[in-house]
Amino acid sequence: MRWLHDRSIGQKFLISFGVILSLLALSLTALLVYLSRINSYVDRHKRITVPAIVTAATMQRSAYEMNLTLHLFLEQITKTDAADTLAGLGRHAEQIRSSLALYRSTHAARTHPILLGMLTQHQRLDLADQEDRAIARIDRILQELSTLWQTALAGPQSAGPAPSPVVKADGLIVELMNNLDQLVSAHRDIDVEMKVEGDLLLQQARLIALGLVAVLGLVITVIYISVNRQIAKPLQRLSVTADRVAHHDLTAQFESWPGRDEVGTLAASLSSMVTSLREQTAAIARKTKELEAFTYSVAHDLKGPLREIEGFSSLLEKRFADAGDAQTRHQIDAIRRSALRLTHMIDALLKYSRLEQQDLPRQRFNVLEMITTLITDRLSGLQGPRPKIHVALPFADLYGEPVSIRQAIANLLDNATKFSRHASPPTITIGGSRLERERILWIQDNGIGFDPAQCEKIFGLFERLHSPQEYEGTGVGLAIVKLVMDKHNGRVWVESTPEAGSTFYLAFPERAEPVVDRPTSRPHSTPA
């Protein structure tokens, strides 16, 4: 087993199938051998036993006819009948003699070594002796009968009582018939022994077949247990550990495998990979913490001067509000607005960084209620014309992390409000669709739209299609939307046409277990 343990998986399977095929070949060979022996038995039975009994029965019939002819002759005798009767008796005797010669040369037990060996094995040589004695006595009786009939034919033929040789033949014929009965009885007993031999061969063939099947089943069971223990179970444990690693559990340990087969090599490689991943993860975690600390430090350090710039620019703006010229007031206003915009960009960047580092635990929540609350919050502080918002979702529940999804929807709602404020009237539609594997939520506006070639670009960090003077913003909102969908293993895309509005789509993977949605509320709309 140690030698087998160190073989490769291919060699193990080759050895296992080789053993199974060898056993199958051995089983087939054994069955063929026993089938040939059974076939030989059937052939001997057809060629020896059955013809022997038929030949003996033929001799019995000739003897009966001889006896009948003799008795008819003894009961009604004429001079002419005596010669004919003796001739008929001679013919019957000759037929018996020919059949006996055929029996002795073809059907007798001692003329067949296999049949004699079978009787020897069964310790029934007495049947062969009985057969030999019956044959010898029948031959002797036939010789005496021939002598008697020749004597009777050579003597004077006259009417009256039957000649004494003929009367004496009656007793010999009775003895002949008795010996023929013994010959038939002996061969029937031999036939019984042959049937016993056939049953024994069949029983041995069954035992051999059952034994080989049992051995084959045992070998298959041993191979199954060995393969299960040396290949399947280790691979299953490796699979479980690999699944834990795939789900970011780097505390999982791949057990070492003592064999030098592919499983052992795989276990060693995976163990080395996990060790390397732990080291890299620890290094990345340290770098991330350092970068996070650096980001917060830089943000804090930048916000201080920016607050001072914004504060002093506000003071200067107030001082030159009446005395200064228009150009000076414009320059001071540009400084203050730039400082505020940079502050907002730093805040947005920190928000993006925090979201990127967070793990998002998911749950099922009411997204329809969330959207209704968002609309109320956003419209309450909105200055200028309010858009008309229609909500018609085919579902109420959504599976995900509520806070980040709220932030993504809020960013899209703010963008739709911002870029449709010059429309007449500004209109926003929130809808969705439910597919087999995901739920799609979309937000559509009738704003300015943009070139479809820019669809991928706008989800980049700090990517803007308009100047800050035209439309306010930091260029981080859509990047946050993209990050939220990536963390949910979802999709985000946009369809837009210049001067015809835009539609942003959020596709969330559907959870495995079915959830019964609440009834969809009536379309929600707000007046302009």
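1. The side chains of Asp132 and Arg110 meet in a salt bridge, with 2.4 Å from N to O. A salt bridge here is a side-chain nitrogen of Lys or Arg within 4 Å of a carboxyl oxygen of Asp or Glu. Asp132 lies in helix α5 and Arg110 in the loop between α3 and α4, so the pair ties together parts that are 22 residues apart in sequence. Helices (H or I, at least four residues) and strands (E, at least two) are DSSP runs, numbered from the N terminus.

2. A note on the source: this is a predicted model, in which local features need pLDDT of at least 70 and side-chain atom pairs count only at pLDDT 80 or more, while totals for chains, interfaces and linings use all residues. Residues are numbered from 1 along each chain as its sequence is written, and side-chain values use heavy atoms, with hydrogens and water left out.

3. Arg110 also meets Asp129 in a salt bridge, at 2.2 Å from N to O. Asp129 is in helix α5 (residues 125-154), and Arg110 is in the loop between α3 (79-107) and α4 (113-121), so this pair joins parts 19 residues apart in sequence. Are these residues buried or exposed, or something in between? Arg110 is partly exposed, with a relative accessible area of 38%. Asp129 is partly exposed at 30%, and Asp132 is partly exposed at 28%. The cut-offs are under 20% relative accessible area for buried and over 50% for exposed, with partly exposed in between (1.4 Å probe, protein chains only).

4. A search of the whole structure finds 13 salt bridges. One of them joins the side chains of Arg124 and Asp126, at 3.1 Å from N to O. Arg124 is partly exposed at 25% relative accessible area, and Asp126 is partly exposed at 37%. Elsewhere, Arg364, Arg434, Arg439 and Glu510 are linked in a network of salt bridges.

5. How many aromatic pairs does a search of the whole structure find? There are 2. Rings of Phe, Tyr and Trp (its six-membered ring) pair if their centres lie within 6.5 Å; planes under 30 degrees apart count as stacked, over 60 as edge-to-face and the rest as tilted. Phe459 and Phe504 form an edge-to-face pair, 6.2 Å centre to centre with 80 degrees between the planes. This pair links distant parts of the chain, 45 residues apart: Phe459 is in the loop between β5 (438-445) and α11 (477-487), and Phe504 is in strand β7 (residues 502-509). Both Phe459 and Phe504 are buried.

6. Trp493 lies in strand β6 (residues 491-496) and Tyr505 in strand β7, so the pair ties together parts that are 12 residues apart in sequence. Trp493 counts as partly exposed at 24% relative accessibility, whereas Tyr505 is buried at 17%.

7. Glu438 is placed in strand β5. At 17% relative accessibility, Glu438 counts as buried.

8. Helix α10 (residues 402-419) has 18 residues and reaches 26 Å from its first C-alpha to its last, close to the 26 Å expected at 1.5 Å a residue. The expected span is 1.5 Å times one less than the number of residues. Helix α10 is mostly covered, as 14 of its 18 residues are buried.
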